[in-house]
Amino acid sequence: MQFMPKVSVIIPVYNCEIYIEKCIESLMKQTCMDFEILLMVGISQDKSLIKCLEWQKKDRRIIIVSREDAGLGDARNYALKIARGKYVAYLDADDFYEADYIEKMSAPLDADDTIDISCCGYDQYNGKNVMPGKLPAKEGQVILDFKKYIDCVPAPAVWMKMFRRQWLIEKEIEMFDGCCEDQALHFVLAAQVKKIYFIRQPLYHYNIGNEKSLVKTLKSRLDYAPAIEYAIEYLKRKNLYEENCSGLINSICSTYNSFLQETNYNKELVKICENFMRNYFPE
């Protein structure tokens with residue numbers, strides 16, 4: 001009989017040999033073990049694939065897909081197509097879960113089928129010390145519109161959320177293939193999620209010590225415009241753009257203001273920002 005898991009955990013893996021052990025170990029310690037692990041292994045320059053293969057020998061729930069992904073978004077989109085779980089969760093290869101992440105994140109979805117996604121808090125670690133991250137303002141169910149989603153969800157990151165797989169498929173929700181894929185998805189979800197369950201615990205541990213992380217690069221700022229264009233095109237295709245346009249503008253302006261300050265008004269970023277605003281929001 002084919003194994004049909006409750007949760008599919010999707011992990012893109014690229015040059016993460018020094019982190020992948022801790023990441024997978026956090027799954028092996030889960031209080032709920034009804035899951036499969038989809039390791040989407042890019043063409044790495046280190047021993048990431050070897051370490052993944054070693055883990056696969058130990059646990060039949062591990063599925064390895066080795067392919068030339070263009071980025072995180074492409075890897076996650078392909079994984080969603082082959083996932084078998086009722087729910088989908090995401091985990092970055094340099095991060096790790098709290099032991100009860102899957103149990104606590106799936107419980108609200110089990111209890112109420114009108115809840116679209118669950119969302120927890122996270123903390124930060126640098127390999128030695130744990131520091132505060134962000135937590136939802138309150139515990140429990142919240143009914144949302146676009147603005148409330150943007151205001152209430154602690155961060156745009158996909159990894160602090162659990163989704164109904166069929167809901168993602170029915171809404172045709174995929175990720176932008178490039179940097180800022182989480183920010184693009186953030187706006188798509190804001191327009192589609194009607195009810196969310198918040199968990200005020202840092203169930204996800206986010207690694208801020210990985211100096212090779214894309215989040216730390218200028219490219220992650222330069223790619224913001226094409227990522228948001230991707231989200232805008234989705235909203236237009238679904239006839240969700242006009243009703244959510246004002247909230248979209250406010251959030252984009254706030255993000256660009258932060259990016260420009262962080263990069264000391266990098267000339268290339270300034271030009272991209274000006275062109276983007278001129279094309280989409282000339283007012």
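This is a predicted model: local features need pLDDT of at least 70, side-chain atom pairs count only at pLDDT 80 or more; totals for chains, interfaces and linings use all residues.
Helix 9 spans residues 224-237 and helix 10 spans residues 241-262. The axes of the two helices lie 11 Å apart and form an angle of about 170°. Since angles over 145 degrees count as roughly antiparallel, helix 9 is therefore roughly antiparallel to helix 10. On the side of helix 9, the contact is made by Tyr224, Ala225, Ile228, Ile232, Leu235 and Lys236. Their counterparts in helix 10 are Tyr241, Leu248, Ser251, Ile252, Thr255, Tyr256 and Phe259. Sorted by class, the residues of this contact comprise ten nonpolar, two polar and one charged.

A search of the whole structure for cavities of 30 Å³ or more returned one. The largest cavity holds about 60 Å³ of space. Its lining consists of Asn77, Leu80, Tyr90, Phe163, Leu168, Ile173, Glu174, Met175 and Leu185. Seven of these lining residues are nonpolar, one is polar and one is charged.

The count of aromatic pairs in the model is 17. One of them is formed by Tyr122 and Trp159, with a centre-to-centre distance of 5.2 Å and an angle of 85° between the planes. This arrangement is edge-to-face. Tyr122 belongs to strand 6 (residues 117-125), whereas Trp159 is located in the loop between helix 5 (146-152) and strand 9 (161-164). The pair therefore ties together parts that are 37 residues apart in sequence.

Conventions. Residues are numbered from 1 along each chain as its sequence is written. Side-chain values use heavy atoms; hydrogens and water are left out. Axes are lines fitted to C-alpha atoms, for helices over the stretch in contact, and angles run from 0 to 180 degrees between N-to-C directions. Helices (H or I, at least four residues) and strands (E, at least two) are DSSP runs, numbered from the N terminus. Angles under 35 degrees count as roughly parallel, over 145 as roughly antiparallel, 65 to 115 as roughly perpendicular and the rest as oblique. Contact means heavy atoms within 4.5 Å. Ala, Val, Leu, Ile, Met, Phe, Trp, Tyr, Cys and Pro count as nonpolar, Asp, Glu, Lys and Arg as charged, and the others, Gly among them, as polar. On a 1 Å grid over the protein atoms alone, a cavity is a set of points where a 1.4 Å probe fits but cannot get out, and a pocket is an open set with protein on both sides within 12 Å along at least five of seven lines; lining residues have an atom within 4 Å of a point. Grid points are joined across faces, edges and corners, and a volume is the space filled by probe spheres set on the points. Rings of Phe, Tyr and Trp (its six-membered ring) pair if their centres lie within 6.5 Å; planes under 30 degrees apart count as stacked, over 60 as edge-to-face and the rest as tilted.
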